[in-house]
Every structure is written in C-alpha cells, then in structure tokens.
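Take a look at the model below, then read on.

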Amino acid sequence: MRPWLRIFLIGLALWAASVLVTIWTENSNLVPTVVLLGSFLVPVTFVVWAYGRERSSEVTVELLFKAFVIGGVLGVLGASILESYLKPSLVMFVGVGLIEEGVKLAALMLLTRGLRRHDVRDGVVLGATVGFGFAAFESAGYAFNAMFTSEGVSVVQLVETEILRGVLAPVGHGLWSAIIGGVLFSAGGRLAGKVILTYLGVSLHALWDSMSGLAIAITLLLTGQPWQFQLIRIGKVPGVTDGQVHLYTVLNWGGLIIISALALLWLRSVMGAVNRRWR
C-alpha cells in the first residue's frame, strides 16, 4: 500500500473513532483531537502524495515540514492581520484573495531562499505544501467556530464542516499555491514579472471563496420576485422558492467546479512546460 494511502486510511479511522467516542461519552477533552485530525488529514495526505512524486534532492522532509507548519502559520497570521483592515464590501473577497496569496508567496520565498537550484517540480511541491499548511490551520479554525451554535456545542456541525472542507481541500489553497510555486521556481526564486502576473491570477480564487454569494445574487437577478426585493430593501431576508434553491445549487457548485477545473488546467500547463523543456 502506498504511504499516502496508508496515512489517509489510518487517519480517517482514528478521526471517525474520535468522533464516535466524543459523541458517545460527551467528553469535551476529545474535541481538539477531532478538530486537529479532521483538519489536517487531507492536507497532510496530499503533501505526502506530492513528496512521493518526481522531485530533486533539494526537497527534504525537514524542508517540507517547515513549509507546512511555518509557512501555514505565517500565512494564517499574516492574512488575519491584513484582512482585519478590510471593510465589508463587494470587493472584499478580492482583497482577501490578494492578501492570502501574497502572504503564502512571501512565506514560500522566505523558506526557500537558501536553495541552490530551483526546479519547477520542486516549486510545485513546496508551494502546494505551504498552501496545504495554510488550509489545515484555517480549517481547524473554521471547524472550531462551527462547533458553537445558538443551542450550545454541536459536534455534528463540527464534523460537517470538516468533511466539506476536507472534500474541497485538494482544489483550494494547495492547488493555487502549487501554481505560483512552480512559476516562482521557473524564475529562479525571484519576484519576476511572470511571478507577479501569476500572483494576480491565482488571487482570483476569491471568486471561488465568494461563489455562494455570487450564486445568490445571480439567482435573485434571474428569478427574483418584487416582494423579495422589497424585503431586501428593508433589511429582511426573503423566503425563497424551490426553483430558486435548485438554481442556486447549480450555480454555486457549477461555479466551484469550473474555477477548480481551470486551476487544474493551469497547473498542468505549468508542469507541461517543464516536461517539454526536458524532452
């Protein structure tokens, strides 16, 4: 059995056991175990998978650990500080995208500044590692917050949040950071023009983050009723029809799938350029 698959299956079994025992015993001491296992399982699995792919001797286990932990924590801290200055608006998600990708790029450059060679494959692996580290710590925060509801502590909501973020993790921060990591290393680790353009491009993952809001806006624009807009104008949340719910679901998930597919094609293009170069 491949190492990444073994890690995933063992981790999944431990997480499921932790959830069941927590619900059964109602022991709050187990909550951190559930949060950490659920938040780190998929990111760690993908880092191990990426490490098993073709790479140079520059990418060591120690460097991967630093990229995951230090890069992830620096990214989360930097994003939290800078995002605190953003005001709620239509362009807020654009600012969030620029900030998150900027701090991850800065962390990647800081951690890899001493490398003697810059192979694009290494850049993809290390960039993905920083991104998955960011995603792991961010998911832990989301899972912890989801646990607290108006009716008290809800382990079910915690679990639902971790499952959803775990499913989406492969096409989240790790994917976008892998793209910019590959381009950064193709420029010798320097902040060249193509790196800046790529940074601006991957920052558009803000569309991915805001797809739910965009889907709501498009749904109301296409099918909104006068009485719904009247309620919105006075600050009330209007009821929705079954048709609007279905349209919102299609637009939301369709948008996520399209954006993720474009990102995967972009990463494939970055890797394809390397393969063509070495033929």
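A salt bridge here is a side-chain nitrogen of Lys or Arg within 4 Å of a carboxyl oxygen of Asp or Glu. Keep in mind that this is a predicted model. By that rule, the count comes to four salt bridges. One of them joins the side chains of glutamate 62 and lysine 66, at 3.5 Å from N to O. Both residues sit in helix α3 (residues 61-83), four residues apart, which is about one turn of the helix. Side chains of opposite charge can pair when their charged atoms come close.

How do α1 and α2 run relative to each other? Their axes come within 9 Å and cross at roughly 170°. Angles over 145 degrees count as roughly antiparallel, so α1 and α2 are roughly antiparallel to each other. Here's who makes the contact:

| Helix | Residues in the contact |
|---|---|
| α1 (residues 3-25) | Pro3, Trp4, Ile7, Phe8, Gly11, Leu12, Leu14, Trp15, Ser18, Val19, Thr22 |
| α2 (residues 31-51) | Val31, Thr33, Val34, Leu37, Gly38, Leu41, Val42, Val44, Thr45, Val48, Trp49 |

Sort the residues of this contact by type and you get 16 nonpolar, six polar and no charged.

Finally, the surface. Val94, Leu98, Leu191, Ile196, Leu197 and Leu200 form a nonpolar patch there, with about 530 Å² of accessible area together. Which helices supply at least two residues each? They are α4 (92-111) and α8 (193-202).

Terms used:
Residues are numbered from 1 along each chain as its sequence is written. This is a predicted model: local features need pLDDT of at least 70, side-chain atom pairs count only at pLDDT 80 or more; totals for chains, interfaces and linings use all residues. Side-chain values use heavy atoms; hydrogens and water are left out. Axes are lines fitted to C-alpha atoms, for helices over the stretch in contact, and angles run from 0 to 180 degrees between N-to-C directions. Angles under 35 degrees count as roughly parallel, over 145 as roughly antiparallel, 65 to 115 as roughly perpendicular and the rest as oblique. Contact means heavy atoms within 4.5 Å. Ala, Val, Leu, Ile, Met, Phe, Trp, Tyr, Cys and Pro count as nonpolar, Asp, Glu, Lys and Arg as charged, and the others, Gly among them, as polar. Patches are made of residues with over 30% relative accessible area and no salt bridge: like charges are joined within 9 Å, nonpolar side chains (Val, Leu, Ile, Met, Phe, Trp, Tyr) within 5 Å. Accessible areas come from the Shrake-Rupley method with a 1.4 Å probe; for residues, only the protein chains shown count as cover.
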